Amino acid sequence: MTWNPIQRMRPYVRYLLMLIALPCVYMGGVCLALLWHEHEANTDFSELHLPRMSAPTAQTRLLVFAPHPDDETLGCAGLIQQTLAAGGKVEVIILTNGDGFRTAVECDTHKMRVGPADFLQFASHRQQESLVALSKLGLSPKNVLFLGYPDQGLERLWLDFWTPERLYTSPYTRADRVPYSKALYPHAPYCGSELLKIIEQAMRAFRPNLIAVTDPQEDHPDHRAASYFVSLALEELGGQPSTANWAGRALLVHYLVHRGDWPQPQGIGLTFPLIPPRGMLHIGTLWMSLPLTEVQERRKLEGIEAYHSQTMMMARFLTSFARRTELFGVLPAEALPQLNGHPQLASAGNVEHWWQRTPPVFLDAVGDNLLRTLEGGADLRSACACRRGETLCLDLEFCQPVSARYRYVLQLRAFGEGGRSAATALRLKLPVANQALPEGGWVNVDGRHLAVVLPWRLLEQEAGNNPVTNISFGIKTYLSRVLIDQSGMCLLSVKPTNNDRAIAALERG
């Protein structure tokens, strides 16, 4: 008998392959089960009863902000129709022309390589689609305003390009100013402070009592940023004597477009209600449902189908918003709490759990995708914040203990009166240890809590060496270079302390 070493090795090779295959099959099964569970949760309509949103009246002045052409129809077509039918007034402001959708531009132009002129032409096409879609809802073109700011760039304006000294350049149109003649302000510079000013001017001119904008917890960065700009503009106007009378009473509601595989089921579902994604049901948002008539549903579907450049790419997703209800959320207005005393975080054994005495300023959806379910130490659950003397204190709570496996990045922007702020937001990589930060603050880790203390002077520098009126902060977490979780930027108004009032009085002379 001839000895064959290959035959003798075959059993060992089989065992090795089984050892490799079994964990892969197991993990694949777990992933599919989690995804199926999420899908089923988002399609379960049986036990969710949302409060009904008040119907518009003849006194309603509705101002809708859309990050891109089509968002206003997806989120607010029914609300627009009902406001007009009641005798109210409606104005729609579209922040970008959707000029950064490369795949759609390639399909629209039938080109493999497209340039700035193609993106500009496509943007004009999308403007016209908006006018057609909104006319089907009963809105006149004179009540549709296009700002022409950069698609895929609104969050960059908020974080990195606030002042006009350095403008954002669109990688698609290669423009750093509004390049559209049919925009509200042609040639307006691409910077955050200018966009905030334009939004405030539009609000002053229309004086709305109901404002709708996308949700700050959306997956799309433009949608998140649209909420930041609108919320800050309303906060600024509410603090000015000439506009506080109406701005302080205006109701701000949020509509949702991009969030995971929501809405489910995909495709036209005129008999289904629109319900929040499972992960966003219990994060402090008051969700409300607006019932639509059959006629309003059909007109909404016609408005969606008027966006031919979009439906040729993702018709099933877009038509999923033609439902028997629309969904709106109200977020609690948050002010930065003030506590007495000074935190002592210089050592691990000297930690004061101040966050147990103050409610979170925002709650984040947890376990709402596969990565966050598996990597709980990077899945943000809640954030607390307060001012204590001359420090800002933050507490970030995660689903599992904080770990050095992850990278935690804090994004912080402070504003002075009139929206004054630094050119770029402050970004801090938070060390997973009890140690000092380079900026003079401290970080302390306590199980699932990552506590951060920053000197108040750092925020005043961000606000252009002025008293701070508002702050926004958010957190990003990474495993290696993979983004695990990202909160929206939480906007907090800052009530002046006695010392702040004295400084402001001295500055006024």
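This tour goes through a predicted model, stopping at several salt bridges and then at one helix.

**Stop 1: the salt bridges as a set**

Across the whole structure, a search finds 14 salt bridges. The next stops visit some of them.

**Stop 2: aspartate 160 and arginine 427**

Select aspartate 160 and arginine 427, whose side chains form a salt bridge with an N to O distance of 2.7 Å. Aspartate 160 belongs to helix H5 (residues 154-160) and arginine 427 to strand S13 (residues 426-430), so this pair ties together parts that lie 267 residues apart in sequence. Are the two residues buried or exposed? Aspartate 160 has a relative accessible area of 11% and is buried, while arginine 427 is partly exposed at 38%.

**Stop 3: arginine 204 and glutamate 200**

Now select helix H6 (residues 192-206), which holds both arginine 204 and glutamate 200. The two are 4 residues apart, about one turn of the helix. They form a salt bridge, and their closest N and O atoms are 3.8 Å apart. Glutamate 200 is buried, with 8% relative accessible area. Arginine 204 is partly exposed, with 33%.

**Stop 4: glutamate 375 and arginine 405**

Move to glutamate 375 and arginine 405, where the side chains meet in a salt bridge of 3.1 Å, N to O. Both residues sit in loops: glutamate 375 between helix H11 (370-374) and strand S10 (380-388), and arginine 405 between strand S11 (391-398) and strand S12 (406-415), so the pair ties together parts 30 residues apart in sequence. Glutamate 375 is buried, its relative accessible area being 13%, whereas arginine 405 is partly exposed at 49%.

**Stop 5: a network**

Select Arg259, Asp368, Arg372 and Asp485 together. Salt bridges link Arg259, Asp368, Arg372 and Asp485 in a network.

**Stop 6**

Next, show what lies over them.

**Stop 7**

Notes
Residues are numbered from 1 along each chain as its sequence is written. This is a predicted model: local features need pLDDT of at least 70, side-chain atom pairs count only at pLDDT 80 or more; totals for chains, interfaces and linings use all residues. Side-chain values use heavy atoms; hydrogens and water are left out. A salt bridge is a side-chain nitrogen of Lys or Arg within 4 Å of a carboxyl oxygen of Asp or Glu. Buried means under 20% relative accessible area, exposed over 50%, partly exposed in between (1.4 Å probe, protein chains only).
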